[in-house]
Amino acid sequence: MRPLSIPPWARPALAGVAFLAVALLAMEGLHRAGWYPTRLDDYRVTAALVALCIVVGQRLPYPLLVVVGVVVAWPTWRFDVLTVRLIPLVIAVYLACAAGRRVLAVLAVVAVPALSAMFLPLAFMSSDSWVLAVTRWPLALLLGRALVSNADWSTNVLMGILLVACAVLGRATARRRRSELVLQRRNEELVRLRESDQARIASEERTAVAREVHDVVAHHMAAIVVRSQALVRVGVANQAEFAEYASWVAGTGQQALSEMRKVVRVLRAGGDGGTTDAPVSLRSALEDAVDRVRATGVRVEADLRVPESLGVMQDFAVLRVCQEALTNTLVHSDGSSVRISLAASEDRIRLEVLDDGGSEGSPRVPELAAGGAGIRGMRERAASIGGVLDAGPAEGGGWRVTLEAPREARGQSAGSLRPDTAGSGVATGPAGAAPAPAPAPPAPAGRRAVAS
């Protein structure tokens, strides 16, 4: 059963009614049991004023102060128990300050009724002479004397201190409520930021995993598909050539499987490392990629002037971009040759992959030419080391992919490597120091990225 929902505006009203009912019943029971007051009307009026404070104290503080002050200081109300008579005024002062009103302003509003209730002896005077008492009261107050000889100064001072203390306490309550509200809002903002960060990190991790799986598998699989097509054309008539092709396909498939296992191993290991191993030797890794493409029948000219002391991130990005550019040549191009050049200056590295295939030619593997994330992945690789990538038709025909990047990755440090495999050089993963890449523009017409 669902709990009863009470509107916020109705809660003070119910609380005030409940307080008044309990107070009246308690006073009636105590009176019947021998409680000393013979006139309960004064206590009932006080209880009614307290209930009124509970109902409207937070919403209408100043009107409540005026009403309670007038009733408490009313000249013809012959209720001489000051400690009880001022209870509603004390509560009204506290509630007004707790609602955010200034202490001095609240005390200024209640000063006159409080002093009137504490010092005017109208409880012992006829109603037609209270005006005269009011005119004499300021002079008596300045002289330090009450208008009656039985005035209790200790009670008056105590009630004055209680009024001021309740005002200060109400102000402190208001400040605490404001602080709680500010903290609640900041906590909500922090929760939203945390959720946003979690979504962003999850998206970056998914992107990094998808990019690694794509780059690792696509290069090997494209070469296997092209070579398998040649294997089908050769047939079993030429057993020696057939065996050579089949052996090459099997070896390349094993390499692809090994690379996939590396990705899975690093992903299962967790931590702050990357998603795959960077090459121990960039030159040998590039030469292996070139050899795989040459084995498919494409002529490759490689001018690999690999610079010394490149960072792990640069090695990794250059290798993946070169692999992906060669994969695009195998899958999407009808050209027969590719030229690769890698050079470096004092502060920058430049990689260029240029094939002679026409952008309007028939793709070598139509089944894989439906589009994918190859060019976007290369741009992300370039952005991860602070570089830029340009891919598009070359002048005079063919397709050119160019990567330009600084020799040292921005923000790269020793902490960018996984602690357990720093010696072998493991690239940082999605939670590493590499900046998030900007969204990649679409690939130019006529050449699509390798299918995922």
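## Salt bridges

Let's start with charged side chains: this predicted model holds 10 salt bridges. The background idea is simple: side chains of opposite charge can pair when their charged atoms come close.

One partner of Arg44 is Glu28, with 3.0 Å between the closest N and O atoms. Another partner of Arg44 is Asp41, and here the closest N and O atoms are 3.3 Å apart. Arg44 and Asp41 are three residues apart in helix H2, which means about one helical turn separates them. Together with Arg32, the residues Glu28, Asp41 and Arg44 are linked in a network of salt bridges.

Glu28 is partly exposed at 25%, and Asp41 is partly exposed at 43%.

## Helix H8

Helix H8 covers residues 153–234. Within H8, Glu180 and Arg176 are four residues apart, so about one helical turn lies between them. Glu180 and Arg176 form a salt bridge, and their closest N and O atoms are 2.7 Å apart. Glu180 is partly exposed, at 43% relative accessibility, and Arg176 is also partly exposed, with a relative accessible area of 44%.

Gly160 is another residue of H8. Is Gly160 buried or partly exposed? Buried means under 20% relative accessible area; Gly160 has 22%, so Gly160 counts as partly exposed.

In soluble globular proteins, nonpolar side chains tend to be buried together. The largest nonpolar core here has 43 residues, and those touching the most other members are Leu282, Leu326, Ile340, Leu342, Leu351, Val353 and Val401. Which helix gives this core its largest share? Helix H11 (residues 312–332) does, with 10 residues. Apart from this core lies another one of 26 residues, among them Leu49, Leu65, Ala92 and Ala167.

Beyond its neighbours within four places in sequence, Leu282 is in contact with Val306, Leu310, Asp315, Val318, Leu319 and Leu342.

As for H11, this helix has 21 residues and spans 30 Å from its first C-alpha to its last, close to the 30 Å expected. In H11, 21 of the 21 residues are buried, so the helix is largely enclosed by the rest of the structure.

## Cysteines

How many disulfides does the structure hold? The count is zero. Take Cys97: the closest cysteine sulfur to its own is in Cys166, 9.2 Å away, which is too far for a bond. Cys97 is buried, with a relative accessible area of 0%. Cys322 counts as buried too, at 1% relative accessibility.

## Confidence in the model

The average pLDDT of the protein is 74, and 72% of the residues score at least 70. Where does the confidence fall? Over residues 143–150 the pLDDT stays under 50, and the model gives this stretch 12 contacts beyond four places in sequence. Residues 411–452 also have a pLDDT below 50, with 103 contacts in the model beyond near neighbours in sequence.

Notes
Residues numbered from 1 in each chain as written. Predicted model: local features only at pLDDT ≥ 70, side-chain atom pairs only at ≥ 80, totals over all residues. Heavy atoms only, no water. Core = buried A, V, L, I, M, F, W, Y, C linked by side-chain atoms within 4.5 Å. Buried < 20%, exposed > 50% of the residue type's maximum accessible area, 1.4 Å probe, protein only. Helix = DSSP H or I, 4+ residues; strand = E, 2+ residues; numbered from the N terminus. Contact = heavy atoms within 4.5 Å. Expected span 1.5 Å × (residues − 1). pLDDT = per-residue confidence, 0-100. Disulfide = S-S within 2.5 Å. Salt bridge = Lys/Arg side-chain N within 4 Å of Asp/Glu carboxyl O.
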